[in-house]
Amino acid sequence: MLDLLGDVLKRARERGATAADAFLVEDRAFSAQVRLGRVDTVKHAREQHLSLRVFSGKSAAAASTSDFSRTSVERLVDEAVSLSRITAPDELSGLPEASGLAREIPALDLDDPTGHDLSPEEKIDLARRCEAAALGADPRITNSEGGDFADRRARYAYAASHGFAAEYGTSSFSLSASPVASENGHMQRDGWYHVTRKRARLDSPEEIGKTAARRALRRLGARQVKTARVPVVFDPEMAASLVRHVAGAVAGPSLYRGASFLLDKLGQQIAAPGVTIIDDGTISGGLGSRPFDGEGLPVLRTVVVDKGVLTSYLLDTYSGRKLGMASTHHAARDGSGVTVGTTNLYLAKGAADPKDLIGSVKQGLYVTELIGFGVNGVTGDYSRGAVGMWIDNGELAYPVEEITIAGNLLDMLRAIEGVGNDLVFRDRTAAPTVLVGRMTVAGA
Amino acid sequence: MTTNKLARPERFFEDRFGLTSSALERLLGSHLAGRVDHADLFLEYRVSEELTLEEGAVKKASRHVSQGAGIRAQSGERTGYAHTDDLALPNLEEAARQARAIADQTSASTAVAIGPGRPHDLYTLAEPPVNAALDRKVALLLKMDAAARALDPRVKQVIASLGSEDVVVLIATPSGWTVGDVRPLTRLNVTVIVEENGKREIGTYGGGGRVPFDFFLEADRGEADRGEADRWRRYTSEAVRQATIKLHAVEAPAGEMTVVLGPGWPGILLHEAVGHGLEGDFNRKQTSAFSGRMGQKVASELVTVIDDGTIANRRGSLNVDDEGIPTRRNVLIEKGVLVGYMQDRLNARLMGGEPTGNGRRESYAHQPMPRMTNTFMLAGQDDPADIIRSVPHGLYAVNFGGGQVDITNGKFVFSASEAYLIEDGKVTRPVKGATLIGSGPEALTRVSRVGHDLKLDEGVGTCGKDGQSVPVGVGLPTIRIDGITVGGTQV
C-alpha cells in the first residue's frame, strides 16, 4: 500500500504538483441478515479507494479512484494536477508543518485478527440467535425486520510529500435485531445493536435481541399528548445526537463560513456547568480511535466543552489557519480532500442516577427516538419529530408518538439540569441520560 | 473518456475491461444458470466531479472514478450478494461463487421469465455535464457569487457548488439478456448566509437533473410569462430571498392546525407519508402501516398519486431501473383508493405481481430494493388563491428541508424552510423552525382542497433507505390539509 502511495506522490511531483498527500483504504466486509429465522441476505464485499490531494503552489484539488491499474492511477494524478490549475490560489492552503507529524504510530488495539475466523454459517447463526431472542421474548412480538451480523476488516494508509508514510488496520463487528410488536392492529418497530472492534466483546445475541424486544414492546399503545412546555429527558442514544450537533457547530469549516450557532463563543459559558464534552481519539480499542488524523498529525484528547465553557474548536490544518489557530488534529479524508471529523466523542458522565432524573420530572417527556432534520446549524433552532414515554409524577407512564420537540440548541444546552452516570460507548459518539429543563412539545 | 464510448455500455465494458458479452454469459451461465430463481450481474463505471466556491473563489475541485460489479443470486426469499471493485474475470468468478453459496442450499422454484421490454430514451445528451469545459463551470459559480452579493448587502457568505456525474451501467442475466444505460446527472446548489444586526440566517436553493450543463444557463420553458430569468440566477435569488425572510421570521406555532402546502417541492409530503409505505418490500414483509390495504380508501377522493420514472430529463427518471426493467408510470393511489405498490423483481416474484421498474440501488456495492422515482399528486380543480382564502387560521408552507418516516407506524416528519402564518384567509408573517409531523395512513384522508397548479420540484431530491441514497423527484399542486401537527415553539 505504501509503495503505491509513494509512486502516486512521486508522479504528482513529476507532473508539476509542489506538494501532495494521498490516502488509501482497502476493506473486506461480510454481512448476514436473517428474517423470521430464515436467511434473507448474505453479502460479501471487497473494496478499495485511493484519494489524492495536490497543491500547485497555493491552489489545491483532489481526485479519487477505486481502480488501481497503472493507467487509472496515472489518470488520477493527471486529473488532480490539471484541476488544481483551475482553482483559485489560497494563501492558507497546504500541508501541515512537517514538524507536527506523528512520529510514532501508537498501538491502539483496533484490530482483531482472529475475530474473523468464523465461518459464514457461524455468523448467520449469530444473527439468527439475536433475532430469535427478540421473537421469543413476548407473544406480542409478531414480526421482524431481521437480525443482522456484520464484520469488516480494513487497512488505511497515508503518505505526504513532505515525508510521512504510515498504515494501520482495523476490525469491526456488529450485531443487531429489529423486531416489530403489535397489539390491536397497531405495529411498532424498534431495535437494538452493538458494535465493537473485538468480536469477543460483542454483547451476547440473546441480550441484544431481548433488549430490542423490550424497546419495541414499550412503544405499543403510543398516543399523542397535548402541546405543552415541559422538561425533556433524552435517553443516552438521543443525548448523543445533541453532542453531534455541538460537534457540527464547532467544526472549523462551519465557523469560518459563519454557519454556526457557536460562532465567537470560545471561552464562553455555552452550556450548563454539568456539561463536559470530550473528543478522544486515543482510547484503546475505541470505535473512533485512529493513530493519526487525515493529515498525518497525531490524534489527541480534546476537551471541547469544560464544565459548560467552550474550550476548543475541532480543526484541520486549513480551517485552523483560517481562524488563526493550530489544527486540533481532526482532519478526516473524503474523496474531495480533507474535512473535519470527530473520533470518540462523548458527553462526560455526571453523578445522577437516570431513574432519579426521570423521577425529578412531574410532567414531561422521556425521548427515545428522534426523526426528521429540523436543526438549523446557523441559528441553533431545533424542531424534530419525537417518540418516547410520557413522564407523570416521576414515572414513565405511557408511550407517546406523533409529537415534536422544539427549542434552540444554545438554550437547550444551558437548560441541562442533570447529566446521568450511565455513559456507555455503543458507537463513536456517546452520552449518558440528559435532562433539559424546558422545551416545547407539540402534539394534538 | 469520450462521449461516444459511453453511449454504448456493452462496448464500454468490453473495451475497457475485456468483459465481452460471451465472457459474461459464460461467467453467469457456469456459476448461476438453472440453480436459482434469479441471478444478475450489475457492472458500473462512474465518473463524477465537484466544484465548490466559497469566499468568492473556487477553491475546491475534485474528480472521482469508481467502478465495480455486483453479482446477485436469489432462491426463494434468500439473496446472496457479492460485490467487488476489481473487474478482472477471475475476481468476478469468485464473487459469483460467493453469491451462489447461499442460494445453493435450496433448489430453485420455477423461475418467472421477465421479457426485456423496451427501454426508454429519456436523457441522451450531446455532451454529458461532467464533460463540459471546466472554465465555463468556474465562471458560472463566480457569477452566482457576484449576483448573490449584488442582490443584498446583508449577504456575508456564498457557497455555490456544482456536482456532475456520468454513470455507465450494464445488467446481465444468465439467459444471455443484457441491457445497458448511460446516466448523466447534475446539480447546482447555492447557499447564502446573511447577517443583520449580528443575527445570521441561512438560505439554500438549487436544481438540476439528467441534463447538460447549459440547462443552468437557460430560462425555464413554459415559465416565460412569469418573466423568469436564467435558472442559475433564479436559484441565487431564491436562496437570498429565503435567507433574508428568515431574519424576521417569528417562532412557529405548536399544535394541530390546518396547513396549506405550496406546489412543487412540498410533494416530499407524498414521498414520506405514503410513498415509502407503498414500496413492495415493506408490504411483502407486512411491516408497513399500509400492509394489506390494497383496494381500500387511504386518501381523500381528491387525491391521485403517481410514481413516474419516465419523465424526460428528470432527476428521478431512468430508462431502465437497476435490474434492467424499463421504468413506467405507476398509479399508486387513484381517487383516494390504494391501487398499486412499487416493486423490484424479488418482491414482485414473492408477492405474485410484476416488477414495476422501481428496483433501484445506490451503486454496484448495494443490492436493489423497491424505491421511488418521481412521485407526485395529480392536479385538482381549485384556484390556489382560493385555497388560502378558505383558511381562517393556519400555516402556509412553501419550501422544505428533508423528511423522514417510520414505515411501521406510518409516522412521518418534514421540516419547512419557508413557511407563513395564514390569518383570516391571508398569508401574513413568516415563521421559522416549523416541523410537520403526521400519520401516513391519515394525512391524505384530510386533504380537502387540491389546486390546479401541479409543479415538479427543481431536481435536488435524494432519498435514503437502508443506508442507500438514490436521486428522486417529487411534485405537488397546492393542497389544503385539515389538521396536521406543527412542531414549533410558540404555545
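**A:Lys307 is exposed, with a relative accessible area of 55%.** Buried means under 20% relative accessible area, exposed over 50% and partly exposed in between (1.4 Å probe, protein chains only). Please keep in mind that this is a predicted model, in which local features need pLDDT of at least 70, side-chain atom pairs count only at pLDDT 80 or more, and totals for chains, interfaces and linings use all residues. Residues are numbered from 1 along each chain as its sequence is written, chains are lettered from A and ligands numbered from 1 in the order in which they are written, and side-chain values use heavy atoms, with hydrogens and water left out. A:Lys307 belongs to the loop between β10 (301–306) and β11 (309–310) of chain A. Helices (H or I, at least four residues) and strands (E, at least two) are DSSP runs, numbered from the N terminus. The backbone is the point of interest here: phi of A:Lys307 is near 50°, a positive value in a residue other than glycine. Most residues other than glycine have a negative phi.

**B:Asp424 has a positive phi too, at about 50°, although it is not a glycine.** This residue sits in chain B, in the loop between β16 (411–423) and β17 (426–432). B:Asp424 is exposed, and its relative accessible area is 67%.

The whole structure holds 19 aromatic pairs over all chains. In this one, the rings of A:Tyr346 and A:Phe425 are 5.3 Å apart, centre to centre, with 75° between the planes, an edge-to-face arrangement. Rings of Phe, Tyr and Trp (its six-membered ring) pair if their centres lie within 6.5 Å; planes under 30 degrees apart are stacked, over 60 edge-to-face, and the rest tilted. The pair brings together distant parts of the chain, 79 residues apart: A:Tyr346 is in strand β14 (residues 345–347) of chain A, and A:Phe425 is in the loop between β18 (416–419) and β19 (429–430). A:Tyr346 is buried at 12% relative accessible area, while A:Phe425 is partly exposed at 32%.

**B:Phe412 and B:Phe414 form a tilted pair.** Their ring centres are 5.9 Å apart, and the planes make an angle of 45°. B:Phe412 is buried, at 0% relative accessibility, and B:Phe414 is buried, at 0% as well.

**Six aromatic residues of chain A join up in one cluster.** Look for A:Phe23, A:Tyr156, A:Tyr158, A:Phe164, A:Tyr168 and A:Phe292, which together form one aromatic cluster.

**A:Lys123 takes part in two kinds of contact.** The charged end of A:Lys123 sits over the ring of A:Phe30, 4.6 Å from its centre. For such a contact, NZ of Lys or CZ of Arg must be within 6 Å of the ring centre and within 35 degrees of the ring normal. A:Lys123 also makes a salt bridge with A:Asp151, and the closest N and O atoms are 2.9 Å apart. This bridge links distant parts of the chain, from A:Asp151 in strand β4 (residues 141–160) to A:Lys123 in helix α3 (residues 120–135) of chain A, 28 residues apart. Both partners, A:Asp151 and A:Lys123, are buried. A salt bridge is a side-chain nitrogen of Lys or Arg within 4 Å of a carboxyl oxygen of Asp or Glu.

**A:Arg426 lies over the face of A:Tyr193.** The distance to the ring centre is 5.6 Å.

**A salt bridge crosses between chains, from B:Asp406 to A:Arg219.** The structure has 67 salt bridges over all chains, and in this one N and O are 3.2 Å apart. B:Asp406 is in strand β15 (residues 393–406) of chain B, and A:Arg219 is in the loop between α4 (205–217) and β8 (228–234) of chain A. B:Asp406 is buried at 6% relative accessibility, and A:Arg219 is buried at 3%. Salt bridges with shared partners connect A:Arg189, A:Asp190, A:Arg215, A:Arg219, A:Glu369 and B:Asp406 into one network.

Just after the helix, B:Gly34 takes a positive phi of about 75°.
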